[in-house]
Amino acid sequence: MLFTPAETKVVIVGGGTMGADVAAVCARGGCAVQVVEPTTERRALLPDYFANTMIDLGYEHRLHLLATAGSLEEVDWSEVDLVIECVPERLDIKQELFAKLEQYAKPEAVLASNSTSFPISDIAKGLRTPARMIGLHFFMPAHLVPCVEVVYGEKTSTMVGESLSRLMTACGMVPVTVKKDLPGFLANRLQHALSREAFAMVDAGIASLEDIDKAVRFGFGFRYIAAGPAMQRDHAGLDVHGAGGATIYPTLNNSPEIAKCLSDRIASGKLGMKTGEGFYSWTAETMKAERERYQEALREGLKIIQKDLPEIQ
């Protein structure tokens, strides 16, 4: 199995923000992409969204590679090489979808899930061909965040994983291989380890949410654009890190429960921008401004690491 973008036909199931951005990533690399979105209203918005996104990426000459469909039945499955699922994060929905995809897709087509948390083996449970089932986890916004996790299930073929990693590299992404299937995969486990400690310090009255955000953005997090934690330790010295760890590790939070400052807000319906309040309060105006600032910061970050990213042909 050898994927080359110009010869690869991709179907993305789910045309929400994540699915649309994943489609742009694949088309940017030269893949022919069809997005299946059953909701008429959302599907009608996709052409303009694709046009704006491809112009933003500098690949408007590949806009013609993007198409839409209203259902799985509208797809010509005889030509599909890769399916990427981007439906809501519910295990039953995903399992039902992949049972259908196994019927529709040709035997050699790869079936990939963009699940953020469910073990790939759980999604693949009951499939007759689990060797071609794999996780392909993008990060929002997928067209701006270069990393993508290639997650092996218990029965995923090594050839499938290696081929998918090569395809993602050709599309300008930085694939990381997750060899064992566990909740949260790789990056989300690292993120949650940080968040657990951060919110525990809020609960303990050690620091405010604002100061924690500042400490990450303008402190150690700022350095992560230049090097990850292992490379950072080589810069600083493993002995220094070891000595710090010996002192700090015994006091780190290891609770299996989420922090009170988080659970209380969830229970109160304060879920972030989508409800107008989370850790911070939001109006339509402040949300618009913050989203614009956030996207611009990501674009500027991309410029800094551009020479470290795979080249797109």
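Asp81 is buried in this predicted model, with a relative accessible area of 17%, where buried means under 20% relative accessible area, exposed means over 50%, and partly exposed lies in between, all with a 1.4 Å probe and counting protein chains only. Before I go on, a word on the ground rules: residues are numbered from 1 along each chain as its sequence is written, and side-chain values use heavy atoms, with hydrogens and water left out. Since this is a predicted model, local features need pLDDT of at least 70 and side-chain atom pairs count only at pLDDT 80 or more, while totals for chains, interfaces and linings use all residues.

Which residue does Asp81 meet in a salt bridge? The partner is Lys106, at 3.3 Å from N to O, a salt bridge being a side-chain nitrogen of Lys or Arg within 4 Å of a carboxyl oxygen of Asp or Glu. This pair links distant parts of the chain, 25 residues apart, with Lys106 in the loop between α3 (91-104) and β5 (110-113) and Asp81 in the loop between β3 (66-69) and β4 (82-85). Those helices (H or I, at least four residues) and strands (E, at least two) are DSSP runs, numbered from the N terminus.

A search of the whole structure finds twelve salt bridges, and I will show two others. Glu277 forms one with Lys270, their closest N and O atoms being 3.7 Å apart; Glu277 is partly exposed at 31% relative accessible area, and Lys270 counts as partly exposed at 35%. Glu300 and Lys303 meet in another, at 3.0 Å from N to O, and both lie in helix α11 (residues 284-305), three residues apart, about one turn of the helix. Here Glu300 is partly exposed, with a relative accessible area of 35%, whereas Lys303 is exposed, at 57%. Elsewhere, salt bridges that share partners join Glu85, Glu89 and Lys94 into one network.

Leu194, found in helix α6 (residues 187-203), is partly exposed at 39%.

Finally, the chain is divided into domain 1 (5-178) and domain 2 (187-256), with bounds from an automatic or database domain assignment, and 33 Å separate their centres, taken over C-alpha atoms.
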